[in-house]
Amino acid sequence: MKSVRVRTAAVTVAAAISLPLSLGVLASQASASGSSPSATDTASPSPSPSEQPFGPGCSKLPQSGNGSAAQMAHENITAAVDNNPNLSMLADAVKKTDLANTLNGLKDSTVFAPTNDAFNRLGTAKRDALLNDSAQLKRVLTYHVVEHKEISKSQLPHGTFTTLEGSTLTTSGSGDAFKVNGGVPIACGNIPTKNATVYLVDGVLVPPTATPSTSPSA
């Protein structure tokens, strides 16, 4: 009888010891499974190559601050143009034609933005004639806007798009080299802003309605 009591007491003591240990292991496992996600789990996915800015002129963009792709992504199109030192002539042209409200009202649209170099390639006489003819200038600027359509890189090789001016423009090319209307290179494309995608172009696009006296190609 005495040995039975000893064995029973030993079993009871062992069970009392093992129970806290088992609970501790379970608590440790629960804590591990409920821990916060790793950095890999919470990190935002990187944009795919097709969603990133592309083109030979992208390397000339500032890495940060005004004019950088990162800064433009946080601004509406008018502010992005105003704050970009390479688009100062376009910014002045927008102000002359009172198009700021129109551009700010865009949603999910595309703007082919001529750089300062694009305006200067017209030559002084043609550039000044265009900039001083508000009606013609407005026609030219609205020809650079494709409303309610964010043009992706995949649409550029054989693209035809109706502009805010009412006429159509075309895009062509492959890889990272594309042109508008067969001759105007896209320097840096697919730059996001809050309300439009921007394609920096190295020439001023000419609408079919441009008058001979102020047409950039005249």
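A crossing of two helices is called left-handed if the near helix is turned anticlockwise from the far one by less than a right angle, and right-handed if clockwise. What I am showing is a predicted model, in which local features need pLDDT of at least 70, side-chain atom pairs count only at pLDDT 80 or more, and totals for chains, interfaces and linings use all residues. Residues are numbered from 1 along each chain as its sequence is written, and side-chain values use heavy atoms, with hydrogens and water left out.

Let me begin with the helix pair. Helices here are DSSP runs of H or I with at least four residues, strands are runs of E with at least two, and both are numbered from the N terminus. The axes of H5 (residues 88–96) and H9 (residues 134–142) come within 9 Å and cross at roughly 120°, the axes being lines fitted to C-alpha atoms over the stretch in contact, with angles from 0 to 180 degrees between N-to-C directions. The crossing of H5 and H9 is left-handed. On the H5 side the contact (heavy atoms within 4.5 Å) is made by Leu 90, Ala 93, Val 94 and Lys 96, and on the H9 side by Ser 134, Leu 137 and Leu 141.

Now to the core, meaning a set of buried Ala, Val, Leu, Ile, Met, Phe, Trp, Tyr and Cys residues joined through side-chain atoms within 4.5 Å, where buried is under 20% relative accessible area with a 1.4 Å probe, protein chains only. The largest nonpolar core has 31 residues, and Leu 90 and Leu 200 have the most contacts inside it. H5 gives this core its largest share, 4 residues.

Conventions. Buried means under 20% relative accessible area, exposed over 50%, partly exposed in between (1.4 Å probe, protein chains only).
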